[in-house]
Amino acid sequence: MFTGIIESIGSIRAMTPKGGDIRLLVETGKLDLGDVKLGDSIAVSGVCLTVVELPGNGFAADVSRETLDCTAMSDLKAGSPVNLEKALTPTTRLGGHLVSGHVDGVGEVVARSENARAVEFRIRAPKELAKYIAHKGSVTVDGTSLTVNAVNGAEFELTIIPHTLSETIMASYQPGRRVNLEVDLLARYLERLLMGDKAAEPTSGNITESFWPPTATLNPDQGGAAWRSTASKNWLKTSAKARWSSSWMTKTARTKATSSWPPRPARPSTSTSWPSTPAG
């Protein structure tokens, strides 16, 4: 875990292909590596990486294809500046917010403007992350914990003070730059918690809100009571939201539906009871 308070600006010394992925060598600048050992975690522009070598003035880490595909690390090259932060300890000041170092998506800087001594950025997040970004909430950009000043759809605005500009790589941001984004960890857990028991259900299930009208699995000829029972069970599997929020279903239709449910198959035009009882 990290805090999003950048400790040093480092630089990429080398990116070496190794067995299908990349071995990254990072110069760490003023970052104190005295308490760092092999296996420790260091966030590199918001991406949690594991230290595999300590050559003296930096560290090496392996970057998988998954990480390269899901972050902006594929944009790096030798000489690229990066934000660095060591993993927090029980005595670390939590000056930012809880950051996991697991990038949720790649955003894009779409605008930059001056505001007195500060700089304002507008960043476009992937649409699937927009719901987690709130006005005055926290977001991590390239590992830096920041406060969201405004939200408009999938775009959000940041106001960066001079100190943050000098202590992070944000001073170099220009429109078109890709950045690593991590949304507030608490928002992710809250969403999952609100799902309740549905969290355990497979996302590829066949029962959806469009599961209407109910489909009977038995033929009416097999017996009216059995057919109605099966149809009713299928209907009950749909959510209350699907039953009562369907836009096509008017109040009158709902009244009729509930008053005549489960549906009864049409009786044959005969005076005998239905379903008929087999003779002797």
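A nonpolar core is a set of buried Ala, Val, Leu, Ile, Met, Phe, Trp, Tyr and Cys residues joined through side-chain atoms within 4.5 Å. The views below show a predicted model.

**Figure 1. The largest nonpolar core of the predicted model comprises 22 residues.** Phe-121, Val-141, Phe-156, Leu-158, Met-170 and Tyr-173 have the most contacts inside this core. Two or more core residues come from each of strand E8 (118–124), strand E9 (138–141), strand E12 (155–160) and strand E13 (178–183). Another core, of 21 residues, lies apart from the largest one; Ile-12, Phe-59, Leu-68 and Val-103 are among its members. In soluble globular proteins, nonpolar side chains tend to be buried together.

**Figure 2. Close-up of the surroundings of Phe-121.** Leaving aside residues up to four places away in sequence, Phe-121 touches Val-109, Ala-111 and Arg-112, among others. Its contacts also include Phe-156, Glu-157, Leu-158 and Ile-160, together with Leu-165, Met-170 and Tyr-173.

**Figure 3. Seven strands form an open sheet with antiparallel pairing.** The strand order is E10-E9-E13-E7-E8-E12-E11. Strand E10 (144–147) and strand E11 (150–152) are the edge strands, each pairing on one side only. On average, neighbouring strands of the sheet are turned by 35° against each other, direction ignored.

**Figure 4. Strand E7 (residues 105–115) pairs with E8 in the antiparallel sense.** The pairing of E7 and E8 extends over 7 bridges. Glu-114 has Val-119, in E8, as its bridge partner. Strands of a sheet pair through backbone hydrogen bonds, either parallel or antiparallel.

**Figure 5. Ser-45 adopts a positive phi of about 50° although it is not a glycine.** Ser-45 is located in the loop between strand E3 (41–44) and strand E4 (47–53). Ser-45 counts as buried because its relative accessibility is 8%, and the cut-off for buried is under 20%.

**Figure 6. Asp-142, likewise not a glycine, has a positive phi of about 50°.** The loop between E9 and E10 holds Asp-142. With a relative accessible area of 3%, Asp-142 is buried.

**Figure 7. Overview of the protein chain, with 6 helices and 13 strands.** Of its 280 residues, 36% count as buried. Among contacts with a separation of 6 or more, 66% join residues 24 or more positions apart. The accessible surface of the chain comes to about 16,300 Å², and carbon and sulfur atoms account for 53% of this surface.

How values were computed: Residues numbered from 1 in each chain as written. Predicted model: local features only at pLDDT ≥ 70, side-chain atom pairs only at ≥ 80, totals over all residues. Heavy atoms only, no water. Buried < 20%, exposed > 50% of the residue type's maximum accessible area, 1.4 Å probe, protein only. Helix = DSSP H or I, 4+ residues; strand = E, 2+ residues; numbered from the N terminus. Contact = heavy atoms within 4.5 Å. Pairing = 2+ DSSP bridges. Axes fitted to C-alpha atoms, helices over the stretch in contact; angles between N-to-C directions. Areas by Shrake-Rupley, 256 points an atom, 1.4 Å probe, with all protein chains shown as cover.
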